[in-house]
Each structure stands twice: as structure tokens, then as C-alpha cells.
Amino acid sequence: MLPEGLIFNIKRFSVNDGPGIRTTVFFKGCPLGCWWCHNPESRSGETEHVTITRTLHGREFCHHEAIGKTVTVEDVLSEIEKERVFYETSGGGVTFSGGEPLLQPDFLVGLAEACRIRDIHTCLDTSGYCEPLLFRDLIPKFDLFLFDIKVLDRSKHILYTGYPNDEILINLRQLDCSATGYIVRIPVVPGINDDEGFRDDLKKLLETLTMSRKEIHLLPYHPLAKSKMKMLGREYKMSDSSELDQRELHKFADSFQQAGYKVKIGG
Amino acid sequence: MNDRIGRLRIQSLQAVNCISAERATLVTRFYQSAVANEVSVPVQRALCFEYILKNKSICILADELIVGERGPAPKATPTYPEVNLHSLQDLEILHNRKKVSFCSDEQTRLAYAEEIIPYWRGKTNRDRIMRLLPAEWQESYKAGIFTEFMEQRAPGHTVLGDKIYSKGMLDIVNDVRSVRDSLDFYNDPMAFEKQEELKAMEIAANAVITFALRHAEKLEDLAAAETNPERKMELADMASICRWVPAHAPRTFHEALQYYWFVHLGVVTELNPWDSFNPGRLDQHLYPFYHKGIEEGILTRDRAIELLQAFWIKFNNHPAPPKIGITAEESNTYTDFSLINLGGVKADGSDAINELSYLILDVIEDMRLLQPSSMIQVSKKSPDLFLQRAIRIIRTGYGQPSVFNTDAIVQELVRQGKNIEDARRGGASGCVESGAFGTESYILTGYFNIPKVLEITLNNGTDPETQKLIGLETGDAAGFTGFDKLLDAFNRQLNHFINIKIKGSNIIEKVFANHMPAPFLSLLIDDCISSGRDYHAGGARYNTNYIQGVGMGTITDSLTAIQYHVFDKKTIPMQQMLKALQHDFKGYEDLQYELVYNTPKYGNDDDYADHNLVSVFEMYYNAIDGRPTPRGGTYRINLLPTTCHIYFGSKIGALPDGRKAKEPVSEGVSPVQGADHQGPTSVIKSVAKIDHIRTGGTLLNQKFTPAFFKDKESIIKLAQLVRGYFRLDGHHIQFNVVSAEILRDAQAHPEKYRDLIVRVAGYSDYFNDLGEDLQNEIIRRTEHEVL
């Protein structure tokens, strides 16, 4: 029997998570606790129950919804296959995102292998937070990685995500040594990594890598998660006034472009 | 654009839409003349046409390069009292209404009161039609089950092919004469009728030559009086162009455009045909003149652009002729649906895109005018570059061009019996209708309200609005033992009303053939000349009548809701569902909530809902496709609403999909507004479950916020999305690019958004000119926001 996994969404016509028109499968459960997380509903590895209010002609209705659904590889594949025509016209495919897909390695590998058999391009969107030996074995299962770099300073990484970044950096180097392409993605968060110091450190780090694609994506911070956190009854650590300065964002993009990187804002 | 075009454009934008009584007065005087009553009907119509063109005022404006106006000035709009007669009250309503108004001055009203109304009252073609239509037709019409296109405008719905670019009107007259000379009065029982039709065609051809010569004379006078030497020479050149075309085949780019424009004026002066008239594959027709002009050094790229821009402005000067009565909401717009086609394939099947295709896209982007409408045809052979160029124009938010699938159009036309070359020379016109350009009469006969048929079925043949029994008594819906019983009753009801619609259309078609022939239009569409038959009487090589189905999303979701809740889950008894509908969900809000939020919906690539779409499609297709029309044509289906889904919605009570009474039904083949929540690929997959190839056009509207077009990569992805839809045989897709905030602001501050054009349904319109309900709907339509 193929393994089962816990996911919380399958998004079709996903155009910001890799090449072409893609389907993004959102895995539920993440080891990190990034302050700015845009998908806080992805963190818990359990199904959560929330009540949301819907309005119809001015009347409010309460709706109970389960976030998270246990599914089989076949379940997900049949959804992925629905979009085949668009993968073929666009050079797209499927992206595994989350949450952290690497928390459910058997399910993830089951999906990746099934996609490879069907000639569907796969992309893994990951925090890189994973036991390095496991990570090494998983690299060749995917066609492309979207690898997050959030904070470089070890203690700051612990502060803002809950964990150190040693394994993340090891895994980045493992990936760099492999034949699999990757794009570095940086969530640009006000007050945390939108400063020149971080940019310089990042540049130094990337210069030590082969980085065959030389491509980075900047994901601008958006306070949209605030209401989600409230709904989930969790504390939102970002301050209310946090807003990303668009000039800082463009400075970020410009400085890497000048250094010879292909930069995309918004992924 | 250069200063001159800028001035002409502003002049066109600022011209006030008004009614001109000139044509109506001339027609009235002609019909009162002795000669009008001494000749056959076709000759009478041709002489009437000649009388108008000999006597109407000639309008030539400063800066113009292409000359000729339908009325005495830009946006001075003629009326057609022989087709339908405006009452003084109509003129008053048109004058005062807020949206799509037409002003009329004292003189116009006086002409109507003293001359036009007294002569035409009770004698118009509309009066004739209304007297002949049976009571059952009248009842269904009043109940809002269908509309009728031909009660107020003439059939037309056609597009010019390449004929005029190699033949002058004198050459065409020679063709007419040779057919006339070879008529066989001993063996052909139709010989006399053919002779009269051919006589009429010759009169009409000469009339348009005379009309051009009148322009030449005026241009010569203007040249003589002109002090600016540059303009003086230009006016003299334009005069010699008008002396050459339309009498002779055009030799230059300028002559080709001016020739078409005279032909266009002829068609829209003879009658008020639907979709005005249309040069069709403009990049194909003009390319030889463009290429030759550039090669010979007599044309520059800039001059070609300037001439095309001047040509564009002429279309914008002509709003659709206003209707009578107050049923304006059926299709209420200034747009007259002249849809210029770019791209596609050549008759030999090769890719047709050329340098001019791109150049005309530049013109479209630069002009930003409501009319003419424009579209691109994309075949599997078309380069992505062309599609992406078009999407970059769509991004600017003015709704043009729309995007069509050439391979689907060609297959649709071939299935209908056209030969492959004629099919490849075709395209889409009006909103989205497929046609063989230059060889086909493809008439849209009216919209058909599919969800209304379900409402009547659920009420055992009675229209709940009037409590009149107008349909079949298919049984008490609460007694249906299974979903198949309901479908069967719905199907019988559908066929009943389609029969009534077709009976009416067949009568109307004969009325036009017998009383309102169009000899000038007949000169232009093959094979009217060689067959000696009028365009309205089956003279065209191909003849098609469409009945346009409306509300596919609403009917699908309504049937699905019944199947899901009444028969499969058994959570809502039919009796309770009917009660809830009867009370417009008052006191049944929880039930309505279940219907809206907890029911499978069409547009999400969910077979549970989508299979009902396919069932309804097959029923509608089987009820219509293949039935003969009196002029030797065939009935076909297409699925498009223009703005009729608003009117149709206003005639229906609450429906099982949770829609409240009087709300609009869904438009085209698009899902119910707001019912799709899985993004555009899911919508496309759902929509592609019907066989578009067996239609003559379907309309899919997708609204995107500007975020979708933010960079080159996004544009490439949208192009790939289109390719995906077209690979699944989708016929047409249009993008609305605008944010809801902008639209809300436009609603609050219309003065700030006078140039805001949005895609409505198969065409674009000024947001300010739309009724508030339509504005609201456009705001509501699902925005596929990407975060």
C-alpha cells in the first residue's frame, strides 16, 4: 500500500512556485515557527478544526472547517493529473510545499516517484530543515528545489524560527554539490532581514556555492497571516506596524542583479 | 498617434450620440413617390437605397483621411422606419435616459411627428412580423423565454471576404449582368425573381459609386478652397481616390481602406443589419497593398499606421442604432459589434500572421477606442510571440483584443458543411460567432433562457411570475421519483419552447425574404449574384441560424443542487425545495446557505456538477442542431449572452442553486458568478467538458487583476493557459483586467473613469455606460487573486 500523508490544500494554477503552470500540494506540519509565516495553518502536524463566518445576503452563517486531510498518494495524483494539459503547454508540473514536506518523507517520496513515472516535473519548496543524511537521499527524487534562506546568523535563526540553521546550511551545500537545480528563496521580512548586513552575508554565502542557476526569488512580507493566526488562536509575534519598505526590497533585488543573479520578486 | 489622429480621436470621443431624421425622412419621401409602387420589391429597395445615397448630406471633416459618414455627422445616428418606427415617446426616452442615450432636437421630433410617424405607423416590417407571430410565441416572448433579434433590426451577422480587393463595383456589375443575360426564362421558374433581384443589385452597385463621386466632388471643392498647400494636395489625392474606388479595384493601401469604408456605409445605410458590417480578416486583405506600397516606396510604415488609425476612428463614429420600446436591457450598448480579426490561417492552412498583424495590434493599443472591436485568432501554428503581444495589450485593461481558437473555428465550420478553404477564410464576428467570411449568412435569431425552462418545469408548465400555463404539463415536480424523471421533463419542456422559437424565426425569415431584401449586401456575399438570390432569401453559399443559449452555469448548478440534495443525499425533500423557491428563500435562509455553499458547483473541474452541464448541452444541441430553415439553411447552437443574462435573470424567480429571484443568470459558458473557487485552470477544464466543435461559438469570460500580468513571465503563463484551453478545443477566452477597488471607485466617481473600458461579454464597453446591476456583476465576478 502506498503511504498516506496529511495535506491542507491543493492549489491549481499556481504560477509563483516554479516554472510554468503548476499544482502546489501543501503538506501539513512544519518543525519551524517563523514569526512571519504566511501559512500558519500549515504548522501543526494534526488536523485542526476552525469555525469561520460566511455571509449570505447580509446574514452570517458559522461554518466548521477541518484544516488538514489525510490522503493517499493516489488521491493526490488524481488531482495532479487533472492539470496535465497545462503542465504540457507550459512546462509546468507539481510543487510540494507546506508546511515542510520533508516531515513526511515516505509520502513525499511516494508522490515524487509516481510523478516521475508519469513524466510530471517536480519541485520541492523546502526550509531545508532536515536530517542531512535523509536530505541527501531525497535530492535526486526531484527536478528542482526552491530552497529557503531566512536568516543567516545562528542565534537570530533560533530566535525567529525556533531552531538553529546548521543543518539547513549543510543541506544547501549538499544540494549545491548535486546535479539537481535549485533556486534560493528569501522571505524579505521588515526588521529581520531587510538590511544591508543580511544582504552582504547572503552574497558571501552564495559566492561560495556553484549555483548553476544563479537565481534567487524574493518573497515580500505580507501581514495577511495575522488574521489566520487569530483564527487559529495563536500569538502573532510580528508587530502591527511591520510593513515592508518597497525601496529596501528593490535595493535587495538590484544589488543581487548587479552581482549577476537572476532575481524575481514574488517567486 | 500623431496630432492629426489625436484631434480626430478626441472629436470622435466627444461627439454626442444623437438621432438624425435624415435617412428616415428620405426613406419616407421615397416610399411616397410614384416609382416606389411601380416596381418589384427588390428593385424598390434598391431604388430607395439609391435615393438615400443621392440625397443624404456629405460629411467631410477637417484632418480626415478616410471619408464618409452614415449620418450627417459623427454619432448622428440614422433610423430605419421601414424596419421599426420610433414613437415620440421613444425619442423622449432615448433623449433622457442616463445610459446609452441619444439626443434628438426639435427639428428631428417635428420630422417624426409630421412626416415619418404618419406614414409608417402600422406599416413597418416589425408590425408585419408581430401580426404574423402566433399567440404561443407572443406568450413565451413576454415570459422572457427567448428574445428575437429580427423584430427591430435586419438580419446581417455577416462579414466581408476578400472580394472587393480584386474587384471594383463595375467588375461586380459585369458579373451581375452576365448572370442576368444567361437567365433561362423557358426552364427556370425562378427566372423572373432572379431578374428582379439582379436588376436591384446593379442599381445598388451604381448607387454606391455615385455616393463616392459625391464625396470626390466635395473633396475637390474643399481642395480648391484650401490655403494650406499640404492639405490641399491631400484633399486632391483623396478626391481622386474616391473617383477610383469603389468603381474600380483598389491599387493602394489607402484606396483599399476607402473602398471598404464605402462598402461598409452602403451596408449600414441599406438596412440596420445586426453587427453592422465587418472587414473581417483585415491583416490578410491589406497585406498585399501594404507590402506593395512599401516595396515601391509609395507607402511608409508610419503612413500605414496613420491611415489605419483614421479608419479606426470611422468605426467609433457609429454607435449601434437605437431600439424602440423600453426593452433596452436585452442588449443595451453603443457597440455595434464590428469585430476585426487578426491572425489565423490562410486558405491553404498555413500560418497567416504577417507584419501587418503586429502593426494593427500597435494601432489597437494606441487608439483605445470602443469600436471597432478586435480579436486575434490563434492556431496551433501561430507563434507564441503573437499571442504574447496581444496579451500585453489586454494587460492595459481595455478588454481588447479577445482571443479565439482558429483550429476550433475551422473544425466547427467544416462540421457544418463548409469546404475547408472557406472555413479557413472564416473567423468569428459579433461576439464570438463562427462564420465563413464572404460566403455565409449566419443569423443570430435570439437568446434562449435555459434556466427559465427549469423554473417552468418545476411548476408543471406554469410560469410562476404570471401564473399562466405556457409550457407542457410535465407533472408535479414533487412527484418525480428520480433525477432522470426531472431531466426528462426538462428536456420535453425545452423542446416545446425551442419549437415555438423556431416557428417564429421561420416566419420572420420569410418576411425579410419577401419584404425586406438587401440587394447591396447581396453584391458582397457569394453566391448571391451567381444564384440570383437575395442574401435574405438563401443567396449566400452557406446559411445558418443560431439560437444562443444563455445561463449554462445557472442551469447546471440548479440541476446539480436538486440531484445532490433531493435525490442523492436526500437532505432536502423536493416539496421543501419548491416552497423555498416560491418564497424566494424568505424563511428558508439555512436551506439557501446549503445550496450556495455546500453543494457541488460547475467551474471547479468536479464531474458531479459538470456532468449536468454536458447533459444540458446535449439536450440543447439535439433540440436545435440540424433543423432546416426556410432559406435553405440549418439551425445551429451557440452559447453566448451579450448582456441578456441580466434581462433573463430579471424574468426568473429563485432557483435551486440558491440564486434569488431576479438576479442575473450566468453568462456565456462561464460558471455562475462566484461559484468557481479553484482558479482559471479548473474553470477551463469544466468548460471544456462540452464539445465546443458542435457549436458555432461559446464565450468564456475570465477576470484577472493586474497582478496576473505583472511581468514577462506572467504573460507567458497566461499565453500557456490559453494554449491549454485551445488544446481542449475551447472556442474563445477573454480576459478582464481590472481590480475590484478600481471598479468600486469608478462606480462612486464615474467622472474620474470616463475612459474605463471593461470586457462585458464578447465585447467591451465603457464602464460608465453599463447599468448599475451590470456594473455590480462585473465587480462580483470571481477575481483570481494570486497572493
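Two residues are in contact if their C-beta atoms, placed from the backbone, lie within 7 Å. In chain B, 78% of the contacts between residues at least 6 apart in sequence join residues at least 24 apart. The model is predicted: local features need pLDDT of at least 70, side-chain atom pairs count only at pLDDT 80 or more, and totals for chains, interfaces and linings use all residues. Residues are numbered from 1 along each chain as its sequence is written, while chains are lettered from A and ligands numbered from 1 in the order in which they are written.

Chain B has 30 helices and 16 strands. These are DSSP runs, numbered from the N terminus (helices: H or I, at least four residues; strands: E, at least two). The C-alpha atoms of chain B fill a box of roughly 85 × 60 × 55 Å along the principal axes. The radius of gyration, taken over C-alpha atoms, is set against a globule rule of 2.2 Å times the number of residues to the power 0.38. For 787 residues, a compact globule would have a value near 28 Å; chain B has 26 Å, which agrees. Of these 787 residues, 59% count as buried. A residue is buried if 20 or more other C-beta atoms lie within 10 Å of its own, exposed if 12 or fewer, and partly exposed in between.

An open sheet of chain B has 3 strands in the order 8-11-12, with parallel pairing. Two strands pair if DSSP finds at least two bridges between them. Strand 8 (440-449) and strand 12 (634-638) of chain B stand at the edges; each has a single partner strand, so one side of each lacks a neighbour in the sheet. Neighbouring strands are turned by 30 degrees against each other on average, direction ignored. Axes are lines fitted to C-alpha atoms, for helices over the stretch in contact, and angles run from 0 to 180 degrees between N-to-C directions. Strand 11 (residues 542-550) of chain B pairs with strand 12 of chain B over 5 bridges. Here Asn545(B) stands opposite Tyr635(B) of strand 12.

Two helices accompany this sheet. Helix 18 (residues 450-458) of chain B lies across strand 8 and strand 11, at about 40 degrees to strand 8. Helix 19 (residues 483-515) of chain B packs on the sheet and touches strand 8, strand 11 and strand 12; its direction makes about 140 degrees with that of strand 8.

Tyr620(B) belongs to helix 25 (residues 607-624) of chain B. Tyr620(B) counts as buried because 25 C-beta neighbours lie inside 10 Å. Leaving aside residues up to four places away in sequence, Tyr620(B) touches Ile450(B), Leu494(B), Gly549(B) and Ile637(B).

In chain A, strand 8 (residues 144-148) has 4 of its 5 residues buried, so it is largely enclosed by the rest of the structure. Strand 7 (residues 121-126) of chain A pairs with strand 8 of chain A in the parallel sense over 4 bridges. The bridge partner of Thr126(A) is Phe147(A) in strand 8. Strand 9 (residues 181-188) of chain A runs parallel to strand 8 of chain A, joined by 5 bridges. Leu146(A) has Ile183(A) as its bridge partner in strand 9.

At the interface, 17 residues of chain A are in contact with 22 residues of chain B. Helix 2 of chain A gives the largest share of the chain A side, 4 residues.
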